[in-house]
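Subject: Structure handover

Hello,

Here is the structure for you to look over. My notes on what was found in it follow below.

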Amino acid sequence: MNIREVEQLTGLKKANIRYYEQEGLLSPQRNVQNNYREYSAGDVEILDKIKLLRTLGVSIHDIGELQKGKTTVPEIMEKRSEELENELRQA
């Protein structure tokens with residue numbers, strides 16, 4: 001599927017999708033005839049997860065670490081909880 005279809009399925013803007021690709025969080029295949037990105041259902045699933053984690057305030061770095069298997073969702077959520085507690089204390 002093309003980026004416009006992925007935009008509609010995920011609710012993410014093209015710029016965000018391309019940014020996540022640039023940051024190494026997504027690697028869509030390329031069409032050999034025209035070099036356009038071709039997104040799979042798996043890519044859409046990854047983008048949905050990224051969107052959820054970003055909504056929760058998780059950093060791009062932490063999402064990358066999660067994808068590499070260097071951390072887990074519970075660890076990320078614990079870290080995020082601590083960050084929120086610190087923000088509340090400073091407010």
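Is the crossing of helix 3 and helix 4 left-handed or right-handed? The crossing of these two helices is right-handed; a crossing counts as left-handed if the near helix is turned anticlockwise from the far one by less than a right angle, and right-handed if clockwise.

Before the rest, some ground rules. This is a predicted model, in which local features need pLDDT of at least 70 and side-chain atom pairs count only at pLDDT 80 or more, while totals for chains, interfaces and linings use all residues. Residues are numbered from 1 along each chain as its sequence is written, and side-chain values use heavy atoms, with hydrogens and water left out.

Overall layout. The chain has 5 helices and 2 strands (DSSP runs, H or I of at least four residues for helices and E of at least two for strands, numbered from the N terminus). Their order from the N terminus is α-α-β-β-α-α-α. The C-alpha atoms fill a box of roughly 55 × 25 × 20 Å along the principal axes. Of the 91 residues, 29% are buried (under 20% relative accessible area, with a 1.4 Å probe and protein chains only).

Helix 3 and helix 4. The axes of helix 3 and helix 4 come within 10 Å and cross at roughly 135° (axes are lines fitted to C-alpha atoms over the stretch in contact, and angles run from 0 to 180 degrees between N-to-C directions). That angle makes helix 3 oblique to helix 4 (under 35 degrees is roughly parallel, over 145 roughly antiparallel, 65 to 115 roughly perpendicular, and the rest oblique). Ile46, Ile50, Leu53 and Arg54 of helix 3 are in contact with Ile60, Ile63, Leu66 and Gln67 of helix 4 (contact means heavy atoms within 4.5 Å).

Helix 4 itself. Helix 4 covers residues 60–67, and its buried residues are Ile60, Asp62, Ile63, Gly64 and Glu65. These pack against helix 2 (14–22), helix 3 and helix 5 (73–90). Just after helix 4, glycine 69 has a positive phi of about 80°.

Helix 1 and helix 3. The axes of helix 1 (residues 3–10) and helix 3 (residues 41–55) come within 10 Å, crossing at roughly 45°. Helix 1 is therefore oblique to helix 3, and their crossing is right-handed. Val6, Leu9 and Thr10 in helix 1 meet Val44, Leu47, Asp48 and Lys51 in helix 3.

Regards

Notes:
Buried < 20%, exposed > 50% of the residue type's maximum accessible area, 1.4 Å probe, protein only.
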